[in-house]
Amino acid sequence: MSAKKTSLKDIAQRAGVSMALVSYVLNGKEKESRVGQEIAGKIKQIASELGYQPNHLAKSLRSGKTHTIGLIIADISNPFFANIARVVEDEAKRHGYTVIIGSSDENAEKSRDLLNVLINRQVDGFIIVSAEDSQEQVQYLKDKKIPFVLLDRYFPAIQTDFVSTNHYKAAYNAGVHLVKNGYKRIGMIAYDSQLFHMQERIRGYVEALTDNHIPFQEHWLKRVRISAIEQGVKAAIDEMMASEQPVDALIFATYSLAINGLKYINELRLNVPGDLAIVSFGQAEAFDLYYCPITYLKQPIGLLGQTAVELLVKKLKEPQAEPSQILMEAELIIRASSKTKSLVNN
């Protein structure tokens, strides 16, 4: 195999055509340049035989585009974000983009560092799952006219492109489901976070109770710091179960909270759903493998990821277009962990 890199000139000479014609074909412009299908096919075949590799650096310098997208997610260890990263990567590839992925680990400082690195790498745009206290980063991108789309989490005070789950309605549906199944003391464990999606989940839960004539009790809602999930979840469950009237059902606001909670519920030898009915956000195999399959809110991962890429590609083509803001519905997948209370011990 020759060490010499195949050039457009090599292909042109082999095909007996001009370099310009080869360039049109290999850049996907044969139709607009009215190149015949037969000659276009011949050029592509010769390019393949000669092992032609386009010079992306030179192309980027000419166009000012790198055909790369920066994807910043909140936590790569969370199956939701890992799966959504795969969808974004596949969809971006379909549009001719390569994705560079970074995980902020729910940390605004790390998110800022990733942004700076990727801006210096001259990515064409960003898809971002925002961390807490990262509003100024979003505003910076907007001020600098760097194209971006917010995924799953957004800031209502900043006009941006975003695609997200309707977190309020998802939590509301979870609460109503438990009420209708006979549960009267329904708790929630959420993150101690001002991020809008978490506040919406809490709001949906509270309003589901009040709309169904169950007066909300403050001690039913526990907020756990992201930096101390395991200890926080244990303390929350201890407090809820030590009450004179312990909760009889529990909504976990995230997958990570649920996994930690279910581990501790096992340690306490509490029966699900006999002692405690469970509904959780997030979907993963762990919910199927638990001795009592867990009822969960299934977010449309595929559609969220695909739409985020589509919105960004649109933004790259039409920078002045009005922001697109899309909310998608989660589906409540009902399993044994929240079955009707009257049937639990039957």
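Visitor: Which residues are exposed on the other side of α6?

Guide: Glu109 and Asn120 are exposed there. Keep in mind that this is a predicted model.

Visitor: Which residues of α6 are buried?

Guide: Start with the general idea. An α-helix has 3.6 residues a turn, so residues three or four places apart point the same way. Now the case here. Ala108, Ser111, Leu114, Leu115 and Leu118 are buried in α6. Their arc around the axis is only 115°, which puts them on the same side of α6.

Visitor: How do I check the span of α6?

Guide: Compare the expected span with the distance between the end C-alpha atoms. Helix α6 covers residues 108–120, 13 residues in all. At 1.5 Å a residue it should span 18 Å, and its end C-alpha atoms are 18 Å apart, so the two agree.

Visitor: What caps the N-terminal end of α6?

Guide: Look for a side-chain oxygen and a backbone nitrogen. Asn107 is the cap. Its side-chain oxygen lies 2.9 Å from the backbone nitrogen of Glu109.

Visitor: Which residue with a positive phi follows α6?

Guide: Gln122 follows, with phi near 60°.

Visitor: Let us turn to α5. What does α5 reach from its first C-alpha to its last?

Guide: Helix α5 runs over residues 79–94 and has 16 residues. It reaches 23 Å, close to the 22 Å expected at 1.5 Å a residue.

Visitor: Which residues of α5 are buried?

Guide: The buried set is Phe80, Phe81, Ile84, Ala85, Val87, Val88, Glu91 and Ala92. These cover an arc of only 165° around the axis, which puts them on the same side of α5. The face turned away from that buried side carries Arg86, Lys93 and Arg94, which are exposed.

Visitor: What is found at the start of α5?

Guide: A side-chain oxygen of Asn78 reaches to within 2.9 Å of the backbone nitrogen of Phe80. After α5 comes Gly96, with a positive phi near 90°.

Visitor: Which residues lie nearest the centre of the largest pocket?

Guide: Lys142, Lys145, Ile146, Lys315 and Pro319, out of 17 lining residues. The elements giving two or more residues to this lining are α7 (135–143) and α13. About 400 Å³ of space lies in the pocket.

Visitor: Is Lys315 buried or exposed?

Guide: Check the relative accessible area against the cut-off. Buried means under 20%. Lys315 has 15%, so this residue is buried. Lys315 is found in helix α13.

Visitor: Which residues is Lys315 in contact with, leaving aside neighbours within four places in sequence?

Guide: Pro147, Asp161 and Ala321. For a distance along the chain, take Pro300, 15 residues from Lys315: their C-alpha atoms are separated by 22 Å.

Methods. Residues are numbered from 1 along each chain as its sequence is written. This is a predicted model: local features need pLDDT of at least 70, side-chain atom pairs count only at pLDDT 80 or more; totals for chains, interfaces and linings use all residues. Side-chain values use heavy atoms; hydrogens and water are left out. Helices (H or I, at least four residues) and strands (E, at least two) are DSSP runs, numbered from the N terminus. The expected span of a helix is 1.5 Å times one less than its number of residues. Buried means under 20% relative accessible area, exposed over 50%, partly exposed in between (1.4 Å probe, protein chains only). The arc is that of the directions from the helix axis to the C-beta atoms. A polar contact is a pair of N or O atoms within 3.5 Å; within protein, one must be able to donate a hydrogen and the other to accept it, and residues adjacent in sequence count only if both atoms are side-chain atoms. Contact means heavy atoms within 4.5 Å. On a 1 Å grid over the protein atoms alone, a cavity is a set of points where a 1.4 Å probe fits but cannot get out, and a pocket is an open set with protein on both sides within 12 Å along at least five of seven lines; lining residues have an atom within 4 Å of a point. Grid points are joined across faces, edges and corners, and a volume is the space filled by probe spheres set on the points.
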